[in-house]
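Me: Please take a close look at one part of this structure, the salt bridges, and go through them in order.

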Amino acid sequence: MTETDERPSEGRPSDPQPQEGPRVSGEEMRDLGRLRRSRTDRYLGGVAGGVARHFDIDPTIVRVLFVVTSFFGGAGVLAYLALWLLVPDEGTDHASIQLKGDTRRTLIVVVGAVAVLVLLGNAWGGGLGFWRFSWVVVVLGLIAVVLAGRDRGPRQQSSAVTDPAAPEAGSGPDDAPPVYGPPAPWQPPVPPPAPRPRRTGIVWFWPTLALIAIGLGILAVVGGSQHLAPGSYAALALAIIGAVLVLGAFMGRAGGLIALGILTVIALSISTAVGQIGFGFHNQTVRAVPATAAEVQPSYHVKTGSVYLDLTRVADPQALDGRTVEVSANAGQVHVVVPDRVDVDVDANIDFAGDIDVAGENRNGTDPQLHTSLDGGAGVPHLTLDLHERVGQILVDREGALR
Amino acid sequence: MNRTLRVAHLVFGVLFLGIAAVWLLRTTGVITADQLTLSGPAVLIAAGVVGLVVSLATSRRRRDNDNDKENDHE
């Protein structure tokens with residue numbers, strides 16, 4: 001095992017537990033740059049064996065985790081393939097995608113984070129357009145980071161050889177025309193210029209963060225008095241990052257901003273999805289059983305929770321004629337019971353996902369909509385129900401159906 | 001301009017600006033959820049086209065520069 005080579009203090013004959021082999025310290029576990037794919041314990045790429053050895057756990061557990069999480073949005077497969085490409089084989093320093101140590105470490109963490117987010121995203125049921133769309137961006141971003149962070153060591157050497165500023169003795173006669181003038185006085189050879197330190201390219205990173213801070217501060221001051229849409233801050237940050245990246249593409253040194261932008265896209269999609277669904281810890285229940293048409297409100301709304309509106313007790317249903325009642329919830333249930341002797345136009349829709357049932361007529365899935373009319377007979381009042389949710393269930397029942 | 005254009009930065013700049021714009025349009029209700037399924041890919045395509053065009057343009061410019069250098073030697 002190569003790891004024992006790297007740890008000279010371990011594996012000595014005086015080791016009190018020679019049967020157990022070397023243990024891995026927490027510091028070694030945190031150093032993901034040490035992660036190697038196993039050569040001896042492998043079925044496919046040795047990723048599970050390598051991860052198990054790195055974290056000092058049973059490889060079977062790791063394999064089971066990879067397989068099980070593969071059923072949740074492919075998180076396991078994604079992580080396995082990414083690690084297979086990124087992590088060098090045991091005993092070597094060469095991975096399929098050759099990266100500098102820092103970049104590789106960062107990417108391994110990002111791969112883990114993405115896998116966890118895929119798991120969470122899948123557990124939340126997906127179906128959120130913006131949320132799914134952001135994964136495309138994340139994957140593209142990973143590709144870009146890989147391309148940008150590729151170890152350019154050998155290429156730099158070759159470019160130094162072909163550097164036109166350093167004249168070479170071995171240049172062929174085709175390249176330099178012979179000079180027939182008097183020989184130039186001898187000059188001490190110019191030492192080759194010291195290799196320029198690699199431009200880290202993160203010059204714009206901190207100013208951009210400062211810009212974002214200023215922008216968010218201004219947004220908070222300006223928009224503080226009004227209700228800002230969820231995700232406003234993330235969207236502003238993303239726009240600033242995008243603008244600086246476009247500038248930086250021409251002026252250079254905008255490094256680090258792609259990664260920051262990807263994180264912001266994730267933040268934007270989470271805040272948008274969460275904000276739109278309106279997850280809250282205050283579950284509200286609105287239960288209305290108006291006794292007269294005058295008591296029927298034009299609209300009923302809860303953020304999270306349920307609205308139950310029973311119109312069957314309205315003593316003067318004729319007065320409901322021509323009225324529109326709007327019932328909405330961000331997440332939860334909307335349940336309306338209408339009298340039998342009323343014509344009802346129902347306009348029901350759920351933005352993201354859910355289930356609509358209007359007197360037995362059913363729609364479900366993502367973005368379900370149902371427009372239907374319930375006939376109450378001749379000469380009866382006409383009522384319009386406008387029912388809207390972001391996530392959840394919309395139910396409309398006839399009085400008679402509940403008896 | 002002697003600096004090389006950073007294609008990846010440009011593509012992602014366009015992509016991020018596009019996402020922010022689509023978000024703004026969706027939030028202000030200018031586009032509906034249905035149109036969102038079109039505008040999302042449209043942003044990706046726009047960013048990709050920008051990247052392609054810029055890559056082609058810079059590679060051509062580099063080739064021209066190389067040719068110029070060769071001509072200077074002659």
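Reply: A salt bridge here is a side-chain nitrogen of Lys or Arg within 4 Å of a carboxyl oxygen of Asp or Glu. This is a predicted model, in which local features need pLDDT of at least 70 and side-chain atom pairs count only at pLDDT 80 or more, while totals for chains, interfaces and linings use all residues. Residues are numbered from 1 along each chain as its sequence is written, chains are lettered from A and ligands numbered from 1 in the order in which they are written, and side-chain values use heavy atoms, with hydrogens and water left out.

R42(A) forms a salt bridge with D89(A), with 2.7 Å between the closest N and O atoms. This pair links distant parts of the chain, 47 residues apart: R42(A) is in the loop between helix 2 and helix 3 of chain A, and D89(A) is in the loop between helix 5 (75-86) and helix 6 (101-123) of chain A. Helices are DSSP runs of H or I with at least four residues, numbered from the N terminus. R42(A) is partly exposed at 32% relative accessible area, whereas D89(A) is buried at 15%; buried means under 20%, exposed over 50%, and partly exposed in between (1.4 Å probe, protein chains only). R37(A) joins R42(A) and D89(A) in a network of salt bridges.

The side chains of E90(A) and R53(A) also meet in a salt bridge, at 3.1 Å from N to O. E90(A) lies in the loop between helix 5 and helix 6 of chain A and R53(A) in helix 3 of chain A, 37 residues apart. Both E90(A) and R53(A) are buried.

Note on methods:
Helices (H or I, at least four residues) and strands (E, at least two) are DSSP runs, numbered from the N terminus.
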